[in-house]
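Open the structure in your viewer and keep the selection panel at hand. The stops below say what to select next and what is there.

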Amino acid sequence: MSSAELQSLYQELILDHSRHPQGFGLVDGASAQSHQVNPTCGDEITLQLHVEPGSDVVTRVSWEGHGCAISQASASLFTEMADSLTLEVMQQRIDLFRTAMRSRGAIEPDEELLGDAAALGGVSKYIARVKCAMLAWVAAEHAVLQLRPELAPREG
Amino acid sequence: MSTAESTTRAGAFSAAESHAIRADFPILSAVVNDSPLVYLDSGATSQKPRQVLDAERSFYENDNAAVHRGAHMLAALATESFEDARSTVARFVGARDDEIVWTSNATEGINLIAYAMGNAGLGRGSADAEQFRLGAGDEIVVTEMEHHANLIPWQELAARTGATLRFIPVDDDGSLDLSGIRSIVTAKTRVLAFTHVSNVLGIVNPVAELVALAKEVGALTVLDACQSAPHLALNLADLDVDFAVFSGHKMLGPTGIGVLYGRARLLNALPPFLTGGSMITTVTMERAEYLPAPMRFEAGTQRISQAIGLAAAIRYLQNVGLDRIAAHESVLGERLVAGLSALPGITVLGQGAGSHRVGLASFDVAGVHSHDVGQFLDDRGIAVRVGHHCAQPLHRRLGVTSSTRASTYLYNTVDEVDQLIAGVADATTFFGVRP
């Protein structure tokens with residue numbers, strides 16, 4: 001019917017998140033916001049970070065967008081993982097996720113640190129889909145860097 | 001394949017004919033994700049028969065040299081093959097040899113026209129080039145169903161010249177809405193650029209009607225023939241357009257080669273776009289005199305093996321017969337649309353628009369994104385296009401962000417279309433849209 005790889009790409013957990021996404025809906029008063037588009041399919045997301053005044057702690061992630069099951073589930077899973085993280089730790093997790101996504105299946109995402117978002121590990125074998133999984137995380141990174149530019153990863 | 005087998009004149013190819021055609025395409029025996037490849041993405045790029053691969057290889061092994069320069073034997077052989085390829089293309093579309101300009105692809109062809117017109121507006125070219133000068137008050141008209149390649153070059157030309165870009169809208173069915181055409185194509189219209197066959201909907205546009213309107217107001221016509229040249233017998237002289245473009249790689253030819261057709265008198269009045277070697281007569285340190293068309297537009301070393309490969313592709317298509325190909329694809333296209341639209345939750349874009357269409361269909365699966373549909377199909381070795389197919393405005397008009405497109409060609413079979421339809425049905429189950 002369908003292969004084990006496909007079943008692993010579209011685990012029930014991922015399909016559930018895509019149907020019932022966490023954090024969906026924009027909220028007034030965000031500390032930072034980023035809009036990202038996947039040019040190959042036109043999918044887009046607007047993601048907001050709400051940071052507790054006088055602290056570095058993200059109290060809420062909210063987002064709105066449309067796209068494939070992978071991109072919607074990934075935004076939802078990011079929202080779940082990001083709850084109560086500091087901006088610095090959030091940036092570390094984004095880096096970690098990106099490294100796993102770009103590994104073509106070589107690196108399993110760390111479930112300890114990424115939580116259920118580790119279920120997206122199967123995506124990294126499908127290079128055409130990595131952008132789908134990364135869309136929300138790239139938006140989150142842009143939002144983090146608006147607040148803390150010094151956290152920018154060094155390229156190279 | 002042998003044409004002796006082509007006894008049936010209408011309908012799909014016989015099993016023996018299909019088998020013979022498929023045997024010419026090495027890639028069609030590929031296995032993808034443990035399933036035989038079902039290639040339904042020819043609208044993006046077609047596969048290539050051995051005859052095309054052999055023509056390119058043979059050129060490099062036996063005749064390779066730069067063309068239109070050099071006095072040696074290979075230079076003469078290469079030049080002859082290159083110019084023969086031009087004649088083959090010219091005869092294929094009912095044009096004269098000097099009306100066929102080589103480009104990299106159709107996109108470059110449209111940009112060539114737009115930039116050459118812009119150059120005319122800057123005072124480049126002879127007195128004849130004045131007819132191409134655009135400015136405030138002039139209008140360029142396209143349609144809402146254009147591929148981005150026949151939209152953005154005109155947006156840019158309008159921005160550079162002060163002209164206004166307008167468009168013929170698409171109705172809810174996906175047809176061009178010609179009800180207000182008289183207020184869109186007017187005495188201000190200088191260019192009317194439109195696609196022959198929609199790359200999303202597969203419907204054939206009313207070329208004669210649009211050309212007649214353009215002629216009435218004295219506008220130039222530019223036809224995007226990318227999705228018609230591979231699939232329908234095309235005669236540009238009969239269609240009476242001023243310019244037309246198409247790409248070799250969508251019609252069994254190599255990538256990197258495309259064709260711009262233009263009426264000789266217009267091409268010879270246009271200033272060049274790209275400049276450099278091979279397009280001049282006399283050059284001093286201050287200025288240059290240009291060759292007539294087509295060489296005026298062919299600066300630099302040309303895509304020689306690709307042109308020869310395209311000529312081989314055209315001979316292949318002619319050997320099978322464009323009428324037979326169109327009849328075969330018509331059967332596949334009707335089966336595709338009927339099968340898909342019978343499934344719950346599937347909407348075929350432009351289904352209500354006209355009956356004259358090529359063998360492709362784009363569709364929306366309610367509740368499932370096209371990327372997910374495409375991924376599911378790929379798992380069975382079925383290759384389709386997903387996304388907006390470089391036609392964002394048309395998708396927006398039809399109320400969707402993206403769609404899944406299955407596009408057939410002469411090497412596809414009824415069985416492959418049925419596999420696609422079954423795959424889409426199973427995808428809706430897999431993603432939980434229906435029980």
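Start with helix 11 and helix 14 of chain B: helix 11 passes helix 14 in a right-handed crossing, that is, the near helix is turned clockwise from the far one by less than a right angle. Helices (DSSP runs of H or I, at least four residues) and strands (runs of E, at least two) are numbered from the N terminus. This is a predicted model, in which local features need pLDDT of at least 70 and side-chain atom pairs count only at pLDDT 80 or more, while totals for chains, interfaces and linings use all residues. Residues are numbered from 1 along each chain as its sequence is written, and chains are lettered from A and ligands numbered from 1 in the order in which they are written.

Axes are lines fitted to C-alpha atoms, for helices over the stretch in contact, and angles run from 0 to 180 degrees between N-to-C directions.

Now show the side chains at the contact (C-beta atoms, placed from the backbone, within 7 Å). Helix 11 of chain B contributes Leu332(B), Arg335(B), Leu336(B), Gly339(B) and Leu340(B), and helix 14 of chain B contributes Val414(B), Val417(B), Ile421(B) and Val424(B).

Next, select the open sheet of four strands in chain B, with order 13-14-17-16 and antiparallel pairing. Two strands pair if DSSP finds at least two bridges between them. Strand 13 (346-348) and strand 16 of chain B are at the edges with a single partner strand each, so one side of each has no neighbour in the sheet. Three bridges join strand 13 to strand 14 (residues 360-365) of chain B; Ile346(B) has Val365(B) in strand 14 of chain B as its bridge partner. Helix 11 of chain B packs on this sheet, touching strand 13, strand 14 and strand 17 (403-407) of chain B.

Then select strand 5 (residues 139-143) and strand 6 (residues 164-168) of chain B, which run parallel and are joined by five bridges. Here Thr143(B) stands opposite Ile168(B).

Last, show both chains. How many residues does each chain bring to the contact? Chain B gives 16 residues and chain A gives 14 residues. On the side of chain B that touches chain A, the largest share, four residues, comes from helix 12 of chain B.

Conventions:
Contact = placed C-beta atoms within 7 Å.
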